[in-house]
Protein chains: 2
Amino acid sequence: MSSLKRAVILLSGGLDSATCLAIARNQGFETHTVAFRYGQRHQYELQRAQLISEKLDATSHRIVDIDLAQFGGSALTDAAIDVPKSETVESIGEAIPVTYVPARNTVFLSLSLAFAETVDAKDIFIGVNSLDYSGYPDCRPEFIQAFEQMANLATKAGVEESQKLNIHTPLIHLTKAEIIARGMELGVDYGLTLSCYDPGDAGRPCQHCDACLLRARGFATNGIQDPSLVSG
Amino acid sequence: MSSLKRAVILLSGGLDSATCLAIARNQGFETHTVAFRYGQRHQYELQRAQLISEKLDATSHRIVDIDLAQFGGSALTDAAIDVPKSETVESIGEAIPVTYVPARNTVFLSLSLAFAETVDAKDIFIGVNSLDYSGYPDCRPEFIQAFEQMANLATKAGVEESQKLNIHTPLIHLTKAEIIARGMELGVDYGLTLSCYDPGDAGRPCQHCDACLLRARGFATNGIQDPSLVSG
(Lines give C-alpha, C1' and ligand atoms only; values in the text may rest on other atoms or scores of the structure.)
Protein backbone atom coordinates (compact mmCIF):
# COMPACT_ATOMS: atom_id res chain seq x y z
CA MET A 1 0.00 0.00 0.00
CA SER A 2 1.15 3.54 -0.74
CA SER A 3 2.60 5.58 2.12
CA LEU A 4 1.09 8.79 0.72
CA LYS A 5 -1.72 10.48 2.58
CA ARG A 6 -5.04 9.74 0.94
CA ALA A 7 -7.45 12.39 -0.27
CA VAL A 8 -10.93 12.19 -1.77
CA ILE A 9 -11.51 14.61 -4.66
CA LEU A 10 -14.97 15.55 -5.94
CA LEU A 11 -14.86 15.46 -9.73
CA SER A 12 -17.57 16.87 -12.00
CA GLY A 13 -15.89 16.67 -15.39
CA GLY A 14 -15.55 20.45 -15.40
CA LEU A 15 -12.57 22.76 -15.39
CA ASP A 16 -12.55 23.59 -11.67
CA SER A 17 -12.57 20.09 -10.24
CA ALA A 18 -9.95 18.91 -12.76
CA THR A 19 -7.68 21.70 -11.54
CA CYS A 20 -8.48 20.73 -7.96
CA LEU A 21 -7.37 17.14 -8.63
CA ALA A 22 -4.09 18.37 -10.18
CA ILE A 23 -3.47 20.55 -7.10
CA ALA A 24 -4.16 17.67 -4.67
CA ARG A 25 -1.76 15.46 -6.60
CA ASN A 26 0.83 18.23 -6.68
CA GLN A 27 0.52 18.53 -2.88
CA GLY A 28 1.54 14.88 -2.64
CA PHE A 29 -1.77 13.17 -1.93
CA GLU A 30 -2.77 9.71 -3.13
CA THR A 31 -5.94 10.78 -4.96
CA HIS A 32 -9.30 8.97 -4.92
CA THR A 33 -11.85 10.65 -7.16
CA VAL A 34 -15.60 10.52 -6.89
CA ALA A 35 -18.24 11.67 -9.39
CA PHE A 36 -22.01 11.76 -8.91
CA ARG A 37 -24.77 10.48 -11.17
CA TYR A 38 -27.40 12.73 -9.60
CA GLY A 39 -29.97 13.05 -12.34
CA GLN A 40 -28.16 15.72 -14.32
CA ARG A 41 -29.49 16.59 -17.78
CA HIS A 42 -26.62 14.89 -19.56
CA GLN A 43 -24.09 12.10 -18.98
CA TYR A 44 -21.16 13.73 -20.80
CA GLU A 45 -19.72 15.17 -17.60
CA LEU A 46 -19.48 11.68 -16.07
CA GLN A 47 -17.53 10.44 -19.08
CA ARG A 48 -15.22 13.43 -18.81
CA ALA A 49 -14.73 12.90 -15.05
CA GLN A 50 -13.62 9.31 -15.69
CA LEU A 51 -11.23 10.42 -18.42
CA ILE A 52 -9.77 13.25 -16.31
CA SER A 53 -9.28 10.88 -13.39
CA GLU A 54 -7.32 8.48 -15.62
CA LYS A 55 -5.22 11.17 -17.32
CA LEU A 56 -4.26 12.75 -13.99
CA ASP A 57 -3.31 9.33 -12.52
CA ALA A 58 -5.86 9.14 -9.72
CA THR A 59 -5.48 5.92 -7.70
CA SER A 60 -9.19 5.15 -7.91
CA HIS A 61 -12.34 6.57 -9.48
CA ARG A 62 -15.87 5.93 -8.33
CA ILE A 63 -19.31 6.99 -9.55
CA VAL A 64 -21.95 7.33 -6.84
CA ASP A 65 -25.65 7.22 -7.74
CA ILE A 66 -27.89 9.67 -5.93
CA ASP A 67 -31.04 10.79 -7.65
CA LEU A 68 -31.47 14.47 -6.76
CA ALA A 69 -33.88 14.87 -9.70
CA GLN A 70 -36.56 13.11 -7.62
CA PHE A 71 -36.72 16.23 -5.45
CA GLY A 72 -36.92 18.58 -8.47
CA GLY A 73 -36.44 22.31 -8.18
CA SER A 74 -33.49 22.90 -10.52
CA ALA A 75 -32.85 23.53 -14.20
CA LEU A 76 -29.91 21.11 -13.96
CA THR A 77 -32.11 18.14 -13.06
CA ASP A 78 -35.49 19.09 -14.53
CA ALA A 79 -35.84 19.16 -18.31
CA ALA A 80 -38.98 21.30 -17.87
CA ILE A 81 -36.90 24.23 -16.53
CA ASP A 82 -34.78 25.94 -19.18
CA VAL A 83 -31.10 26.66 -18.58
CA PRO A 84 -30.71 30.46 -18.91
CA LYS A 85 -28.70 31.64 -21.94
CA SER A 86 -27.05 35.02 -22.53
CA GLU A 87 -24.80 36.68 -25.07
CA THR A 88 -22.33 38.18 -22.59
CA VAL A 89 -20.95 37.37 -19.15
CA GLU A 90 -22.14 40.78 -17.86
CA SER A 91 -25.78 39.71 -18.10
CA ILE A 92 -25.42 36.96 -15.46
CA GLY A 93 -27.66 37.92 -12.54
CA GLU A 94 -26.87 38.36 -8.85
CA ALA A 95 -29.69 36.20 -7.43
CA ILE A 96 -29.45 32.46 -6.82
CA PRO A 97 -29.85 31.04 -10.35
CA VAL A 98 -32.35 28.37 -11.43
CA THR A 99 -29.36 26.10 -12.04
CA TYR A 100 -28.93 25.86 -8.25
CA VAL A 101 -29.64 22.24 -7.17
CA PRO A 102 -31.14 22.11 -3.65
CA ALA A 103 -28.48 21.17 -1.08
CA ARG A 104 -26.29 19.61 -3.80
CA ASN A 105 -22.88 20.34 -2.30
CA THR A 106 -24.13 19.29 1.14
CA VAL A 107 -25.22 15.94 -0.27
CA PHE A 108 -22.04 15.49 -2.35
CA LEU A 109 -19.75 16.39 0.55
CA SER A 110 -21.70 14.10 2.92
CA LEU A 111 -21.29 11.14 0.57
CA SER A 112 -17.62 12.01 0.08
CA LEU A 113 -17.29 12.04 3.86
CA ALA A 114 -18.77 8.52 4.07
CA PHE A 115 -16.35 7.40 1.35
CA ALA A 116 -13.38 9.14 3.03
CA GLU A 117 -14.18 7.46 6.32
CA THR A 118 -14.15 3.99 4.79
CA VAL A 119 -10.85 4.49 2.90
CA ASP A 120 -9.29 6.25 5.90
CA ALA A 121 -8.77 9.58 4.12
CA LYS A 122 -8.73 12.72 6.28
CA ASP A 123 -8.69 15.15 3.37
CA ILE A 124 -11.46 16.06 0.94
CA PHE A 125 -10.96 18.44 -2.00
CA ILE A 126 -13.82 20.35 -3.62
CA GLY A 127 -13.40 22.86 -6.44
CA VAL A 128 -15.81 25.59 -5.32
CA ASN A 129 -14.61 29.05 -6.29
CA SER A 130 -15.16 32.74 -5.81
CA LEU A 131 -17.13 33.10 -9.03
CA ASP A 132 -19.64 30.43 -8.10
CA TYR A 133 -20.28 31.61 -4.60
CA SER A 134 -21.74 34.88 -5.76
CA GLY A 135 -24.78 32.85 -6.73
CA TYR A 136 -24.78 29.46 -5.00
CA PRO A 137 -25.13 29.47 -1.20
CA ASP A 138 -23.30 26.13 -0.90
CA CYS A 139 -20.14 27.46 -2.57
CA ARG A 140 -19.43 30.15 0.05
CA PRO A 141 -16.41 29.90 2.38
CA GLU A 142 -18.65 30.11 5.47
CA PHE A 143 -20.62 27.08 4.27
CA ILE A 144 -17.45 25.03 3.74
CA GLN A 145 -16.17 26.03 7.17
CA ALA A 146 -19.46 24.99 8.80
CA PHE A 147 -19.42 21.69 6.90
CA GLU A 148 -15.89 20.92 8.09
CA GLN A 149 -16.86 21.64 11.67
CA MET A 150 -19.92 19.37 11.39
CA ALA A 151 -17.87 16.61 9.69
CA ASN A 152 -15.46 16.53 12.61
CA LEU A 153 -18.37 15.86 14.97
CA ALA A 154 -20.10 13.36 12.64
CA THR A 155 -17.48 10.70 12.26
CA LYS A 156 -15.36 8.16 14.08
CA ALA A 157 -12.32 10.31 13.27
CA GLY A 158 -13.82 13.18 15.25
CA VAL A 159 -14.34 10.96 18.28
CA GLU A 160 -11.58 8.36 18.36
CA GLU A 161 -8.73 9.96 16.48
CA SER A 162 -6.69 13.07 16.95
CA GLN A 163 -6.36 13.74 13.24
CA LYS A 164 -8.82 16.33 12.02
CA LEU A 165 -10.84 16.01 8.82
CA ASN A 166 -10.05 18.81 6.38
CA ILE A 167 -12.17 20.16 3.55
CA HIS A 168 -9.77 21.73 1.06
CA THR A 169 -11.00 24.45 -1.31
CA PRO A 170 -7.83 25.53 -3.15
CA LEU A 171 -9.82 27.49 -5.77
CA ILE A 172 -12.14 29.36 -3.47
CA HIS A 173 -10.47 32.74 -3.79
CA LEU A 174 -9.37 32.40 -7.42
CA THR A 175 -11.01 33.85 -10.51
CA LYS A 176 -11.70 31.54 -13.45
CA ALA A 177 -8.66 33.05 -15.21
CA GLU A 178 -6.42 32.33 -12.22
CA ILE A 179 -7.74 28.74 -11.98
CA ILE A 180 -6.92 28.15 -15.65
CA ALA A 181 -3.44 29.65 -15.25
CA ARG A 182 -2.75 27.36 -12.25
CA GLY A 183 -4.07 24.31 -14.11
CA MET A 184 -1.91 25.04 -17.15
CA GLU A 185 1.19 25.17 -14.89
CA LEU A 186 0.22 21.74 -13.54
CA GLY A 187 -0.36 20.30 -17.00
CA VAL A 188 -4.14 19.91 -16.93
CA ASP A 189 -5.52 19.14 -20.40
CA TYR A 190 -8.58 21.41 -20.47
CA GLY A 191 -9.59 19.82 -23.76
CA LEU A 192 -10.94 16.95 -21.63
CA THR A 193 -13.10 19.17 -19.43
CA LEU A 194 -16.71 20.15 -20.01
CA SER A 195 -18.24 23.12 -18.16
CA CYS A 196 -21.46 23.59 -20.14
CA TYR A 197 -24.80 23.19 -18.34
CA ASP A 198 -26.62 22.27 -21.53
CA PRO A 199 -24.31 20.67 -24.11
CA GLY A 200 -25.42 19.51 -27.55
CA ASP A 201 -24.58 16.27 -29.33
CA ALA A 202 -21.27 14.65 -28.37
CA GLY A 203 -20.99 17.08 -25.45
CA ARG A 204 -20.53 20.20 -27.64
CA PRO A 205 -20.68 23.30 -25.34
CA CYS A 206 -23.65 25.65 -25.97
CA GLN A 207 -21.40 28.72 -25.41
CA HIS A 208 -24.29 30.75 -23.97
CA CYS A 209 -25.03 29.36 -20.50
CA ASP A 210 -23.43 31.01 -17.44
CA ALA A 211 -20.81 28.26 -17.18
CA CYS A 212 -19.76 28.61 -20.84
CA LEU A 213 -19.59 32.41 -20.61
CA LEU A 214 -17.46 32.40 -17.43
CA ARG A 215 -15.15 29.81 -18.94
CA ALA A 216 -14.75 31.77 -22.16
CA ARG A 217 -13.78 34.90 -20.23
CA GLY A 218 -11.25 32.89 -18.21
CA PHE A 219 -9.46 31.65 -21.31
CA ALA A 220 -9.69 35.07 -23.00
CA THR A 221 -8.08 36.78 -19.97
CA ASN A 222 -5.17 34.33 -20.22
CA GLY A 223 -4.93 34.95 -23.98
CA ILE A 224 -5.34 31.22 -24.61
CA GLN A 225 -7.73 29.42 -26.90
CA ASP A 226 -10.03 26.99 -25.06
CA PRO A 227 -8.78 23.57 -26.24
CA SER A 228 -12.28 22.10 -25.82
CA LEU A 229 -13.52 24.43 -28.59
CA VAL A 230 -10.85 23.46 -31.11
CA SER A 231 -12.61 21.18 -33.56
CA GLY A 232 -10.86 17.84 -33.87
CA MET B 1 -53.10 23.27 0.14
CA SER B 2 -52.91 22.89 3.90
CA SER B 3 -52.09 25.96 5.97
CA LEU B 4 -50.07 23.88 8.45
CA LYS B 5 -46.32 24.32 8.63
CA ARG B 6 -44.57 21.48 6.81
CA ALA B 7 -41.99 19.24 8.41
CA VAL B 8 -39.83 16.44 7.01
CA ILE B 9 -39.51 13.43 9.34
CA LEU B 10 -36.80 10.78 8.96
CA LEU B 11 -38.44 7.39 9.40
CA SER B 12 -36.55 4.13 9.86
CA GLY B 13 -39.36 1.76 10.78
CA GLY B 14 -38.08 1.67 14.36
CA LEU B 15 -39.54 2.76 17.64
CA ASP B 16 -37.74 6.11 17.94
CA SER B 17 -38.59 7.60 14.58
CA ALA B 18 -42.24 6.47 14.86
CA THR B 19 -42.46 8.36 18.16
CA CYS B 20 -40.78 11.33 16.52
CA LEU B 21 -43.43 11.39 13.80
CA ALA B 22 -46.20 11.27 16.41
CA ILE B 23 -44.59 14.21 18.24
CA ALA B 24 -44.26 16.30 15.06
CA ARG B 25 -47.89 15.66 14.24
CA ASN B 26 -48.90 16.51 17.82
CA GLN B 27 -47.01 19.80 17.48
CA GLY B 28 -49.26 20.65 14.55
CA PHE B 29 -46.98 20.04 11.59
CA GLU B 30 -48.06 18.74 8.19
CA THR B 31 -45.76 15.71 8.11
CA HIS B 32 -43.74 14.45 5.14
CA THR B 33 -41.87 11.25 5.92
CA VAL B 34 -38.73 9.94 4.26
CA ALA B 35 -37.11 6.51 4.56
CA PHE B 36 -33.79 5.40 3.07
CA ARG B 37 -32.99 2.25 1.09
CA TYR B 38 -29.27 2.47 1.88
CA GLY B 39 -28.12 -1.11 1.49
CA GLN B 40 -29.31 -2.31 4.90
CA ARG B 41 -29.26 -6.06 5.56
CA HIS B 42 -33.02 -6.40 5.40
CA GLN B 43 -36.00 -4.65 3.83
CA TYR B 44 -38.46 -5.18 6.69
CA GLU B 45 -37.75 -1.76 8.17
CA LEU B 46 -38.77 -0.07 4.91
CA GLN B 47 -42.10 -1.91 4.92
CA ARG B 48 -42.64 -0.87 8.53
CA ALA B 49 -41.75 2.76 7.78
CA GLN B 50 -44.38 2.86 5.04
CA LEU B 51 -46.97 1.30 7.35
CA ILE B 52 -46.17 3.65 10.25
CA SER B 53 -46.38 6.65 7.93
CA GLU B 54 -49.85 5.58 6.80
CA LYS B 55 -51.13 4.75 10.30
CA LEU B 56 -49.93 8.07 11.71
CA ASP B 57 -51.53 10.01 8.81
CA ALA B 58 -48.41 11.50 7.26
CA THR B 59 -49.24 13.68 4.25
CA SER B 60 -46.61 12.01 2.08
CA HIS B 61 -44.08 9.18 2.31
CA ARG B 62 -40.99 8.80 0.16
CA ILE B 63 -38.24 6.20 -0.10
CA VAL B 64 -34.85 7.56 -1.18
CA ASP B 65 -32.24 5.22 -2.64
CA ILE B 66 -28.67 5.78 -1.54
CA ASP B 67 -26.32 2.84 -1.58
CA LEU B 68 -24.08 3.25 1.48
CA ALA B 69 -23.13 -0.44 1.24
CA GLN B 70 -20.84 0.43 -1.68
CA PHE B 71 -18.55 2.17 0.82
CA GLY B 72 -18.61 -0.80 3.24
CA GLY B 73 -17.35 -0.54 6.78
CA SER B 74 -20.46 -1.48 8.78
CA ALA B 75 -22.20 -4.60 10.05
CA LEU B 76 -25.51 -3.02 9.02
CA THR B 77 -24.58 -2.92 5.34
CA ASP B 78 -22.02 -5.72 5.02
CA ALA B 79 -23.22 -9.31 5.42
CA ALA B 80 -19.57 -10.33 6.03
CA ILE B 81 -19.52 -8.42 9.36
CA ASP B 82 -21.61 -10.07 12.08
CA VAL B 83 -24.07 -8.03 14.15
CA PRO B 84 -22.93 -8.40 17.80
CA LYS B 85 -25.30 -10.39 20.04
CA SER B 86 -25.48 -10.45 23.86
CA GLU B 87 -27.63 -11.92 26.58
CA THR B 88 -28.04 -8.73 28.62
CA VAL B 89 -28.14 -5.00 28.03
CA GLU B 90 -25.22 -4.48 30.46
CA SER B 91 -22.79 -6.17 28.06
CA ILE B 92 -23.19 -3.47 25.38
CA GLY B 93 -19.78 -1.79 24.97
CA GLU B 94 -18.76 1.86 25.26
CA ALA B 95 -16.79 2.12 22.00
CA ILE B 96 -18.30 2.99 18.61
CA PRO B 97 -19.99 -0.31 17.61
CA VAL B 98 -19.48 -2.16 14.28
CA THR B 99 -23.11 -1.34 13.51
CA TYR B 100 -22.04 2.30 13.00
CA VAL B 101 -22.54 3.20 9.31
CA PRO B 102 -19.95 5.78 8.16
CA ALA B 103 -21.49 9.26 8.04
CA ARG B 104 -25.01 7.80 7.85
CA ASN B 105 -26.89 10.52 9.68
CA THR B 106 -24.93 13.19 7.82
CA VAL B 107 -25.98 11.66 4.50
CA PHE B 108 -29.60 11.12 5.62
CA LEU B 109 -29.93 14.65 7.00
CA SER B 110 -28.35 16.12 3.86
CA LEU B 111 -30.85 14.34 1.62
CA SER B 112 -33.68 15.36 3.95
CA LEU B 113 -32.43 18.93 3.63
CA ALA B 114 -32.59 18.72 -0.18
CA PHE B 115 -36.13 17.32 0.09
CA ALA B 116 -37.16 19.96 2.67
CA GLU B 117 -35.88 22.74 0.43
CA THR B 118 -37.97 21.55 -2.52
CA VAL B 119 -41.21 21.17 -0.52
CA ASP B 120 -40.55 24.45 1.33
CA ALA B 121 -40.31 22.84 4.77
CA LYS B 122 -38.19 24.64 7.37
CA ASP B 123 -38.38 21.88 9.97
CA ILE B 124 -36.70 18.46 9.98
CA PHE B 125 -37.32 15.86 12.71
CA ILE B 126 -34.83 13.09 13.49
CA GLY B 127 -35.26 10.55 16.29
CA VAL B 128 -31.72 10.41 17.66
CA ASN B 129 -31.67 9.82 21.41
CA SER B 130 -29.52 9.80 24.50
CA LEU B 131 -29.03 6.03 24.41
CA ASP B 132 -27.73 6.00 20.86
CA TYR B 133 -25.32 8.87 21.23
CA SER B 134 -23.22 7.04 23.76
CA GLY B 135 -21.96 4.99 20.84
CA TYR B 136 -22.66 6.76 17.53
CA PRO B 137 -20.85 10.06 16.94
CA ASP B 138 -23.60 11.29 14.60
CA CYS B 139 -26.30 11.00 17.28
CA ARG B 140 -24.72 13.52 19.67
CA PRO B 141 -26.34 16.90 20.38
CA GLU B 142 -23.19 18.77 19.29
CA PHE B 143 -23.32 17.03 15.89
CA ILE B 144 -26.99 17.98 15.37
CA GLN B 145 -26.24 21.58 16.37
CA ALA B 146 -23.33 21.77 13.90
CA PHE B 147 -25.48 20.25 11.16
CA GLU B 148 -28.21 22.83 11.72
CA GLN B 149 -25.68 25.65 11.55
CA MET B 150 -24.24 24.25 8.31
CA ALA B 151 -27.73 23.72 6.83
CA ASN B 152 -28.58 27.37 7.35
CA LEU B 153 -25.54 28.35 5.28
CA ALA B 154 -26.07 25.67 2.62
CA THR B 155 -29.48 26.55 1.30
CA LYS B 156 -31.54 29.24 -0.36
CA ALA B 157 -33.46 29.63 2.90
CA GLY B 158 -30.27 30.65 4.66
CA VAL B 159 -29.54 33.34 2.06
CA GLU B 160 -32.83 34.70 0.79
CA GLU B 161 -35.26 34.08 3.62
CA SER B 162 -35.46 35.16 7.20
CA GLN B 163 -36.94 31.89 8.40
CA LYS B 164 -34.34 29.61 9.91
CA LEU B 165 -34.08 25.86 9.20
CA ASN B 166 -34.55 23.83 12.38
CA ILE B 167 -33.38 20.29 13.09
CA HIS B 168 -35.71 18.93 15.79
CA THR B 169 -34.52 16.12 18.06
CA PRO B 170 -37.41 15.69 20.53
CA LEU B 171 -36.01 12.38 21.84
CA ILE B 172 -32.41 13.40 22.33
CA HIS B 173 -32.50 13.60 26.11
CA LEU B 174 -35.00 10.78 26.69
CA THR B 175 -34.29 7.21 27.73
CA LYS B 176 -35.85 4.39 25.72
CA ALA B 177 -38.41 3.94 28.53
CA GLU B 178 -39.36 7.64 28.38
CA ILE B 179 -39.65 7.52 24.58
CA ILE B 180 -42.03 4.57 24.82
CA ALA B 181 -44.11 6.29 27.53
CA ARG B 182 -44.42 9.42 25.34
CA GLY B 183 -45.36 7.37 22.30
CA MET B 184 -48.04 5.46 24.21
CA GLU B 185 -49.59 8.79 25.26
CA LEU B 186 -49.69 9.82 21.60
CA GLY B 187 -51.22 6.50 20.51
CA VAL B 188 -48.25 5.03 18.62
CA ASP B 189 -48.82 1.35 17.81
CA TYR B 190 -45.40 -0.12 18.65
CA GLY B 191 -46.54 -3.43 17.21
CA LEU B 192 -45.80 -1.88 13.81
CA THR B 193 -42.23 -0.89 14.68
CA LEU B 194 -39.10 -2.98 14.20
CA SER B 195 -35.87 -2.12 16.04
CA CYS B 196 -33.83 -5.28 15.44
CA TYR B 197 -30.53 -5.00 13.49
CA ASP B 198 -30.73 -8.60 12.34
CA PRO B 199 -34.31 -9.90 12.13
CA GLY B 200 -35.26 -13.43 11.08
CA ASP B 201 -38.00 -14.50 8.69
CA ALA B 202 -40.99 -12.15 8.43
CA GLY B 203 -39.04 -9.53 10.39
CA ARG B 204 -39.01 -11.50 13.66
CA PRO B 205 -36.68 -9.66 16.14
CA CYS B 206 -33.53 -11.59 17.15
CA GLN B 207 -33.86 -10.34 20.77
CA HIS B 208 -30.08 -10.37 21.27
CA CYS B 209 -28.66 -7.42 19.27
CA ASP B 210 -28.06 -4.07 21.04
CA ALA B 211 -31.24 -2.58 19.56
CA CYS B 212 -33.41 -5.50 20.75
CA LEU B 213 -31.88 -5.43 24.25
CA LEU B 214 -32.35 -1.67 24.69
CA ARG B 215 -35.93 -1.93 23.45
CA ALA B 216 -36.73 -4.82 25.81
CA ARG B 217 -35.45 -2.83 28.78
CA GLY B 218 -37.55 0.18 27.72
CA PHE B 219 -40.77 -1.84 27.71
CA ALA B 220 -39.85 -3.66 30.94
CA THR B 221 -39.24 -0.34 32.74
CA ASN B 222 -42.73 0.77 31.72
CA GLY B 223 -44.18 -2.57 32.85
CA ILE B 224 -45.64 -3.10 29.37
CA GLN B 225 -45.33 -6.08 27.06
CA ASP B 226 -43.72 -5.20 23.72
CA PRO B 227 -46.65 -5.57 21.26
CA SER B 228 -44.24 -6.55 18.48
CA LEU B 229 -43.35 -9.71 20.45
CA VAL B 230 -46.94 -10.83 20.96
CA SER B 231 -47.40 -13.69 18.51
CA GLY B 232 -50.35 -13.02 16.25
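Predicted model: local features only at pLDDT ≥ 70, side-chain atom pairs only at ≥ 80, totals over all residues.
I began with contact range in chain A: among contacts between residues at least 6 apart in sequence, 72% join residues at least 24 apart.

**Entry: chain A, overall**

I counted 7 helices and 5 strands in chain A. I then read chain A along the sequence and wrote down β-α-β-α-β-α-β-α-α-β-α-α. Chain A has 232 residues, and buried residues make up 51% of them.

**Entry: the sheet of chain A**

I traced the strand order next. Chain A has an open sheet of 5 strands in the order β3-β2-β1-β4-β5, and the pairing is parallel. Which strands stand at the edges? I found β3 (60–65) and β5 (166–168) of chain A there. Each has a single partner strand, so one side of each lacks a neighbour in the sheet. From one strand to the next, the twist averages 25 degrees.

I looked at one pair in detail. Strand β1 (residues 6–10) and strand β2 (residues 30–37) of chain A run parallel and are joined by 5 bridges. In this pair I located A:Leu10, which stands opposite A:Val34 in β2(A).

Then I checked which helices pack on this sheet. Helix α2 (residues 44–55) of chain A does, touching β2 and β3 of chain A. The direction of α2 makes about 175 degrees with that of β2(A). Helix α3 (residues 104–119) of chain A also packs on the sheet. I saw that α3 touches β1, β2, β3 and β4 (123–125) of chain A. The direction of α3 makes about 155 degrees with that of β1(A).

**Entry: the sheet of chain B**

I repeated the trace in chain B. Here 5 strands form an open sheet, ordered β3-β2-β1-β4-β5, with parallel pairing. The edges are β3 (60–65) and β5 (166–168) of chain B. Each of these has a single partner strand, so one side of each is left without a neighbour in the sheet. Neighbouring strands are turned by 25 degrees against each other on average, direction ignored.

This time I picked β1 and β4. Strand β1 (residues 6–10) of chain B runs parallel to strand β4 (residues 123–125) of chain B, with 3 bridges between them. I found B:Ala7 opposite B:Asp123 in β4(B). Helix α2 (residues 44–55) of chain B packs on the sheet and touches β2 (30–37) and β3 of chain B. The direction of α2 makes about 175 degrees with that of β2(B).

**Entry: where the chains meet**

I turned to the interface. I recorded 36 residues of chain B in contact with 37 residues of chain A. Which elements of chain B each supply at least two residues of its side? They are α3 (104–118), α4 and α5 (156–160) of chain B. The largest share comes from α3(B), with 9 residues. By class, the chain B side has 20 nonpolar, 8 polar and 8 charged residues.

**Entry: the α4 pair**

Last, I looked at helix α4 (residues 141–154) of chain A against helix α4 (residues 141–154) of chain B. Their axes come within 8 Å and cross at roughly 160 degrees. Are the two helices roughly parallel or antiparallel? α4(A) and α4(B) are therefore roughly antiparallel to each other. I noted the crossing of α4(A) and α4(B) as left-handed.

I listed the contact residues. From α4(A) they include A:Phe143, A:Phe147, A:Met150 and A:Leu153. From α4(B) they include B:Phe143, B:Phe147, B:Met150 and B:Leu153. The contact of α4(A) with α4(B) has 12 nonpolar, 2 polar and 2 charged residues.

Key
Residues numbered from 1 in each chain as written. Chains lettered and ligands numbered in written order. Axes fitted to C-alpha atoms, helices over the stretch in contact; angles between N-to-C directions. Helix = DSSP H or I, 4+ residues; strand = E, 2+ residues; numbered from the N terminus. Parallel < 35°, antiparallel > 145°, perpendicular 65-115°, else oblique. Left-handed = near helix turned anticlockwise from the far one by under 90°. Contact = placed C-beta atoms within 7 Å. Nonpolar A, V, L, I, M, F, W, Y, C, P; charged D, E, K, R; others polar. Pairing = 2+ DSSP bridges. Buried ≥ 20, exposed ≤ 12 C-beta atoms within 10 Å, placed from the backbone.
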